[in-house]
Amino acid sequence: MHRLVLMALFTLVPVVARAAESPQSVYIHADCDGKVSSAVVSSFTEAIRASQKYHQVPSLDDEGRRGIVMTIYMACAERNDVIGVASSYGWAKCYGDKECHLSLDGSSIRSVLCDAKAAAECGRTLFRVLEDFIKNAEPSTFKL
């Protein structure tokens with residue numbers, strides 16, 4: 001009997017560990033159509049893809065898994081050699097094909113000004129801003 005319990009334990013521990021390490025799903029909605037601001041968003045999404053902590057998803061339903069999804073809303077403005085990027089963060093969860101609940105954290109609103117010559121660095125800065133937000137955010141405190 002003890003042997004069976006030990007075998008079950010050794011079988012389940014790696015499965016549970018992998019589930020605990022699974023990347024956080026992230027949905028990005030960016031209203032950034034300018035040439036330079038598109039490059040900023042591209043650099044930001046590349047930083048997310050390169051990170052092992054996050055998995056970018058194309059919609060709030062978490063690719064059918066219907067898990068909790070981190071949401072990032074971005075708006076950009078370009079003028080001369082300056083790009084302004086405003087972002088806010090929150091969490092979403094879908095309960096059906098068309099029933100998704102979204103909760104944005106009002107205190108997460110951030111803005112970044114970037115030089116057009118440093119679009120890639122600006123995207124990486126936005127990624128660091130996201131990381132700072134996530135350190136203190138807890139999706140379970142949001143009403144979904």
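Predicted model: local features only at pLDDT ≥ 70, side-chain atom pairs only at ≥ 80, totals over all residues.
Is Tyr89 buried or exposed, judged by its relative accessibility? Tyr89 counts as buried, at 1% relative accessibility.

**Helix H3**
- Helix H3 covers residues 119–136, and its 18 residues should span 26 Å at 1.5 Å a residue. The end C-alpha atoms are 27 Å apart, which agrees with that expectation.
- The buried residues of H3 are Ala119, Cys122, Gly123, Leu126, Phe127, Val129, Leu130, Glu131 and Phe133.
- Their cover includes helix H2 (35–50) along with strands S2 (54–56), S3 (69–79), S4 (82–94) and S6 (110–115).

**Aromatic pairs**
- Searching the whole structure turns up two aromatic pairs.
- One of them is edge-to-face, formed by Tyr54 and Phe127, with 6.0 Å centre to centre and 85° between the planes. This pair links distant parts of the chain, as Tyr54 sits in strand S2 and Phe127 in helix H3, 73 residues apart.
- Tyr54 has a relative accessible area of 7%, so it is buried under the 20% cut-off. Phe127 is buried as well, with a relative accessible area of 13%.
- Tyr89 and Phe133 form a stacked pair, 4.9 Å centre to centre with 25° between the planes. Because Tyr89 lies in strand S4 and Phe133 in helix H3, the pair ties together parts that are 44 residues apart in sequence.
- Phe133 counts as buried at 7% relative accessibility, and Tyr89 counts as buried at 1%.

**A charge over a ring**
- Lys93 lies over the face of Tyr95, at 5.4 Å from the ring centre.

Technical notes
Residues numbered from 1 in each chain as written. Heavy atoms only, no water. Helix = DSSP H or I, 4+ residues; strand = E, 2+ residues; numbered from the N terminus. Expected span 1.5 Å × (residues − 1). Buried < 20%, exposed > 50% of the residue type's maximum accessible area, 1.4 Å probe, protein only. Contact = heavy atoms within 4.5 Å. Phe/Tyr/Trp six-rings, centres within 6.5 Å; stacked < 30°, edge-to-face > 60°. Lys NZ or Arg CZ within 6 Å of the ring centre and 35° of its normal.
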